[in-house]
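Dear colleague,

Please find the structure below, together with a short account of what was found in it. I would be grateful if you could read the notes alongside the model.

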Amino acid sequence: MIPASFDYSAPETLSEALQLLGDEEAKVLAGGQSLIPMLKLRLAQPARLVDLDRIPDLNFIAEDNGTIRIGAMTTHHQVESSDLLAEKCPLLAKTAGHIGDVQVRNRGTIGGSVAHADPAADYPAALLALEAQVKLVSASGERVVALDEFLVDALTTSLEDGEILTEVHVPVEQEGVATAYRTLIQPASGFAIVGAAVRLGVSNGNVSFVRVALTGVGPNPYRASAVEEALEGGPANAEAFAAAAAHAAEGVDVLSDIHASAAYRASLAAVQTRRALEDAAGSA
Amino acid sequence: MATTTTAPKLKTHVGERIRRTEDPRLITGAACYLDDITRPGMLHAAVLRSPYAAARINSISIEDALALPGVKAVYVGKDVESVGGVPCAGSMPDLRIPNHKILAGDRVYYVGHPVAAVVATDKYIAADAIERIEVDYEPTELVSDPEEALQEGAVKVHPEYPDNVAFTFSQEGGDVEEAFRQADVIVKEKILVPRLAPIPIETRGVVAEYDEGSQELTIYSSTQIPHLLRTQLALQLNMPEHHVRVIAPEVGGGFGSKCNVWAEEALAAFVAMELKQPVKWVESRRESILVVAHGRAHVDTLELAAKNDGTLLGLKLHILCDIGAHHQLLTPIIPTLAVLMLPGLYKFRSFKADLIGAFTNRAPSDLYRGAGRPEATYVIERMVDKLAAEIGMDPAEIRFKNFPASTDFPFNSATGLQYDSGDYATAFNKALDIVDYKARRAEQEAARAEGRLYGIGISTYGEICAFGPSPATPAGGWESASVNVEATGKVAVMTGISPHGQGEETSFAQLTADALGIPMDDIVVVHGDTAKVHYGIGTFGSRGISIGGSALHLALQDVVAKATKYAAHMMGVDAETVTFEGGVFSSEATDSTLTLADVALEAHLCRQLPPGTEPGLAATRFFEPSNFAFPFGAHICVTEVDKETGEVDIQRFVAVDDCGRIINPLLVEGQIHGGIAQGLGPAFQEGVIYDDEGQLLNGTLMDYSIPKARNMPWIETDRTETPSPVNPLGTKGVGEAGTIGSLPAFVNSVVDALSPLGIEHIDIPMTSQSIWNAIHERSRT
Amino acid sequence: MDISVTVNDERFERSVEPRRLLVHFLREDLGLTGTHIGCETTVCGACTVMLEGRTVKSCTVLAVQADGKEITTIEGMASNGELHAVQEAFWNEHGLQCGFCTPGMIMSVDQLLNDQPSPTKDEIRHGIEGNLCRCTGYQHIVNAVEAAAKAKAGA
């Protein structure tokens, strides 16, 4: 359980980091709570690690015109305990509290997690429900892409060689929208077997706004648009939630592994989605 | 009516909740575990293991590894052929013991089989070098599943044998066929008890050092059995035992997994002697989960015969034990313990068991906490519940009906064991009172009316402990203790047991402090070094206090007797007039008194040696028990199952345990709590998973799940104290009780919760997935 | 690479390979063997230390990442011969058996009590979920955390 050799750089500016990443065999180290175990198991053997930890500009949480920008190197603990997020984007803060354990949250970062694209990570459920965007910077420029375009497949993103994910953008939560996150975790790793994030607005007993996203269910976390469509404009009651939640895994190539069969995962997707809807409705 | 008696309280230490004397070094990081040891010039070894469950090794290329700077040597099977194989202590007549070489020869038999060893100046280099060894494997046919292994025409794990039967064992008592003819009701079940990884948080490790001048080999090993290991290493290496010193440093948990003799221990010894440099090998967690003998591994088929009134008549059991490809030290013995304890706490009239050990292309199985008794208790407690359900009797009532009375002891079990002492009904009643059984049943009725799945599970368990009378154990069951009162009056206690978390440095000091009337601070308890303590058997089978403590008790008595003689002589009075109380000798015949320190000094200076007395104030005694001890208890678990997710909420967990007389209640509670965690883990989440190719699928702690703090319920403990008559302390042992008692309580509780759905059994681990499956199956049909 | 790390208020300068894990640096290069290795996959928490005042699993941090930073290990918890309140509570409440997980567990409990001075039992269990103990069933650890919280509140 010892990594193979690699070179290591810890640039203090983003441009320096981008330059170092020009080397094809280089990999970004952004907290390392997934990458370092992979190095130790020698499942990853990069020639160089470019550690973003010493770039101060990548660790911040700031609000700008209704958007909250979170620097890639912001730790899960910082997200979990941010007063700004607790007030203006509570779904993200509470989701961060579900990740791993205290030590992992102290070290792991939002940028590292999103770029690693583990299909069972907690963040993507909340971030997809929040319609988050990520900012990707390369030596030749920068682009902002929606998270659902960024996440391509399990452990695969649209991040190009030489590009660094520098920020995650989430909206300030709308007035009257309540949120919830429900998971059932794989007991050893703490990763989600199923995680369902919900944003729900109710007006006059009807659903005025709804976003539902799931993680752990398929090869990629996803927006459950069938659930959203079934709810939109309809009654916000238990029957409607149950009926809509039944679509939670619709059209998804549901994962099956030693921890949960596809049938179980699909069933949990519906159950946890319904419960998250009920939680949100209850807290509204 | 309680026969619960507490032995008269001795002095001021025994029976008290005293915090441990070993803790200061452990809570400050000062303790020295195996991996903390460094020796001058120490090298580091790493082991290359087979990725295949069965393969021929055509060739091994080590040149690339050797070429790496810092690599001192690479060894493969043929290099270490002079070292004896890994020993097995089994002795049944048809036992087959394939040659268990310390490194594979021309075949590998399981994933993880050691193939080569690298020795380097640094462990980083050793890890790199391992990757540079090229092995040309030719995969061969294999058999992973134990039931398949016994089928006609199955692939043979060891081609030299006609089939995969490693051994058989049968036992019968009473007329079981007659019992089944007389039965009103017969219940049957097939129960799987999966392989468990022991997972002490410290993995195995060994440091070997050889002194050419003295020809002494020193082995530091994270072991529970330093002396047995010394004997076996001496045999494997063909050395006189007195040239081998084994030191068990601080040991970070064992749970049976370090009560073994491992290939890597002899390998490290060989390397140190070859290279004439100390060498360290520390196992990775992946290696640990892969190859450290898994526990349990049973496929049990049971038939239970009973009367309609709940009277148990007879029991038939067939155990198929998946022993893996090779035996470890106690592999064939462990399942026989399951046979012996199968009748549990009940008055069965007859019994018949057949055990068959099957070779498979998997890692060896062997003892793990409880070793045979959890398997027995689990299946009998399931069967009793199943019978109760079948005849519509309350599961508590059926148990009371079949207990021997407290006046029936010593009680002869259907398997020929003599249970030493017991009062099962009192312990069980206590547990029922604590949980308020009637109220819980009423609550259950209310819950069921609402469609909720609420269960109450009972386990009344018995176990066989305090191993044990030597004729009934494979390597001696006695224990040694020495007490030396030093010239300064401080006392050194040397014991042959080898504690690794149990706290005997404290409990032995308590016994000593009371016997000698001195503060615990004046006592040091020495263990785990074959150069410092007399030969002993070690720590396993809940034997530390009962056997090691009894030896100490005898040695303390000798010391007091000798000191009393000195004191009388020094005071010029008759020894019969001298009393020893609170560390002070006094006599009605004189006003003067002497302390133990006064006497100890004189015993060393010997200016006025009493006639016929030898100098010094020390004693060594060996204790051989007349029988095992049989702890017992009742665990009750209340659960509610989430119908939609299969998750189980443990609402109450009550444990009333009787481990005989108690030296330190704080330590007993700790053993019970930890034992329960190792019973509940397998109940709801633990178990290694092999696929058909013999690959272990959950080989890291990212996949193999042991309980975390949030998985554990609050445990409500209480106890009864029925002294054991088989040792002078009256103790029975408590190391394994929690593990044995808790699992069936959980399983019975969940099955009880699910019973309205018609569910009668779910195999362990009862994960949320497997519970959901069962519910889902039912709701579909 | 040359690094300079302050551990338990003492500054150490060493040269290390980039791949060297912080836990090996602490244990082998600095001889601080109180920090243990139990799983190597960021699960068991035996290797927990404080890095810049927050707990981390030192098997999942590179030594080079600690360059210029401050670390506290179990060896730095007691001061002037006085046990830390958490250590004392683990001793009094029998919060350990084999002791192997204990240093990491104590570091996590210290973090927990810094963040939440009077946690509920549930919060305690949540707060130590990154630390595995195979001996105690956690119950005496929970007791120890409650006792430490009380002791700290009274101090």
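**Position of B:N773**

B:N773 counts as partly exposed because it has 16 C-beta neighbours inside 10 Å, a count that lies between the limit of 12 or fewer for exposed residues and that of 20 or more for buried ones. Please note that the model is a predicted one. B:N773 has its place in helix α19 of chain B, which covers residues 768-780. Although B:G646 is 127 residues away along the chain, its C-alpha atom and that of B:N773 are separated by 8.1 Å.

**The nonpolar core**

The largest nonpolar core holds 416 residues, and those touching the most other members are B:A45, B:A116, B:V118 and B:A208. The element that gives the most to this core is helix α15 of chain B (residues 544-571), with 13 residues. Leaving aside neighbours within four places in sequence, B:A116 has contacts that include B:L48, B:I60, B:I62, B:L103 and B:I133. B:V74, B:Y75 and B:V76 are also among the contacts of B:A116.

**The contact between chains B and C**

Chain C brings 41 residues to this contact and chain B brings 40 residues. On the side of chain C that touches chain B, the elements giving two or more residues are α2 (85-92), α3 (102-115), α4 (121-127) and α5 (139-154) of chain C. Among these, α2(C) provides the largest share, 4 residues. By residue type, the side of chain C that touches chain B divides into 19 nonpolar, 17 polar and 5 charged residues.

With kind regards

Notes. Residues are numbered from 1 along each chain as its sequence is written. Chains are lettered from A and ligands numbered from 1 in the order in which they are written. This is a predicted model: local features need pLDDT of at least 70, side-chain atom pairs count only at pLDDT 80 or more; totals for chains, interfaces and linings use all residues. Two residues are in contact if their C-beta atoms, placed from the backbone, lie within 7 Å. Ala, Val, Leu, Ile, Met, Phe, Trp, Tyr, Cys and Pro count as nonpolar, Asp, Glu, Lys and Arg as charged, and the others, Gly among them, as polar. A nonpolar core is a set of buried Ala, Val, Leu, Ile, Met, Phe, Trp, Tyr and Cys residues joined through C-beta atoms within 7 Å.
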